[in-house]
Amino acid sequence: MQESKQEYINEETRKDIDQLYSHATIANKEMGVIKQDISEIKTDLEWLKRFFWIIATASIGGLITGVLNLFWR
């Protein structure tokens with residue numbers, strides 16, 4: 001009786017471990033896809049960074065021009 005209980009426990013433990021392993025494998029595969037998606041989103045946002053960089057540069061240029069015009073008058 002004791003052995004059959006132990007065998008049952010061992011079998012259930014193996015099933016649990018196999019199930020966890022399969023879930024871990026699926027999660028690892030999904031992480032690769034998520035990583036790839038994040039890298040695509042990052043490259044898609046490069047244009048936004050460039051746009052704000054251009055706006056900031058133009059604003060600073062306008063500010064410098066305004067200050068220089070004040071001194072030259």
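Me: Before we start, what does "buried" mean for a residue?
Reply: Buried means under 20% relative accessible area. Exposed means over 50%, and partly exposed lies in between. Keep in mind that this is a predicted model.

Me: OK. How much of the chain counts as buried?
Reply: Of its 73 residues, 0% count as buried.

Me: And what is the chain built from, helices or strands?
Reply: The chain has two helices and zero strands. Helix α1 covers residues 2-44. Helix α2 covers residues 46-72.

Me: What are the spans of the C-alpha trace?
Reply: Along its principal axes the trace spans about 105 × 20 × 5 Å.

Me: What about the radius of gyration?
Reply: The chain has 31 Å. For a compact globule of 73 residues, the value would be near 11 Å.

Me: How much accessible surface is there?
Reply: About 7200 Å² for the chain. Carbon and sulfur atoms account for 66% of that.

Me: Which residues make the nonpolar surface patch?
Reply: Ile-60, Leu-63, Ile-64, Val-67, Leu-68, Phe-71 and Trp-72. Together they make a patch of about 810 Å².

Me: Where does Leu-68 sit?
Reply: Leu-68 is in helix α2. Its relative accessible area is 38%, so Leu-68 is partly exposed.

Me: Switching topic. How many salt bridges are there?
Reply: The count comes to two.

Me: Why would side chains pair like that?
Reply: Side chains of opposite charge can pair when their charged atoms come close.

Me: Which residue does Glu-11 bridge to?
Reply: Glu-11 pairs with Lys-15. Their closest N and O atoms are 3.6 Å apart. The cut-off is within 4 Å, so this pair counts.

Me: Why are Glu-11 and Lys-15 about one helical turn apart?
Reply: Because they are four residues apart in helix α1.

Me: And which residue meets Glu-12 in a salt bridge?
Reply: Lys-15 does, at 3.7 Å from N to O. Lys-15 and Glu-12 are three residues apart in helix α1, so about one helical turn separates them. The shared partners join Glu-11, Glu-12 and Lys-15 into one network.

Me: How accessible is each residue of that trio?
Reply: Glu-11 has 38% relative accessibility, so it counts as partly exposed. Lys-15 is partly exposed too, at 44%. Glu-12 has 27%, which also makes it partly exposed.

Me: Last topic. How many aromatic pairs does the structure hold?
Reply: The structure holds one aromatic pair. The partners are Phe-51 and Phe-52, with ring centres 5.4 Å apart.

Me: Is that pair stacked or edge-to-face?
Reply: Edge-to-face, because the ring planes of Phe-51 and Phe-52 are at 70 degrees. The cut-off for edge-to-face is over 60.

Me: How accessible is Phe-51?
Reply: Phe-51 is partly exposed, with a relative accessible area of 42%.

Terms used:
Residues are numbered from 1 along each chain as its sequence is written. This is a predicted model: local features need pLDDT of at least 70, side-chain atom pairs count only at pLDDT 80 or more; totals for chains, interfaces and linings use all residues. Side-chain values use heavy atoms; hydrogens and water are left out. Patches are made of residues with over 30% relative accessible area and no salt bridge: like charges are joined within 9 Å, nonpolar side chains (Val, Leu, Ile, Met, Phe, Trp, Tyr) within 5 Å. Accessible areas come from the Shrake-Rupley method with a 1.4 Å probe; for residues, only the protein chains shown count as cover. A salt bridge is a side-chain nitrogen of Lys or Arg within 4 Å of a carboxyl oxygen of Asp or Glu. Buried means under 20% relative accessible area, exposed over 50%, partly exposed in between (1.4 Å probe, protein chains only). Rings of Phe, Tyr and Trp (its six-membered ring) pair if their centres lie within 6.5 Å; planes under 30 degrees apart count as stacked, over 60 as edge-to-face and the rest as tilted. The radius of gyration is taken over C-alpha atoms; the globule rule is 2.2 Å times the number of residues to the power 0.38.
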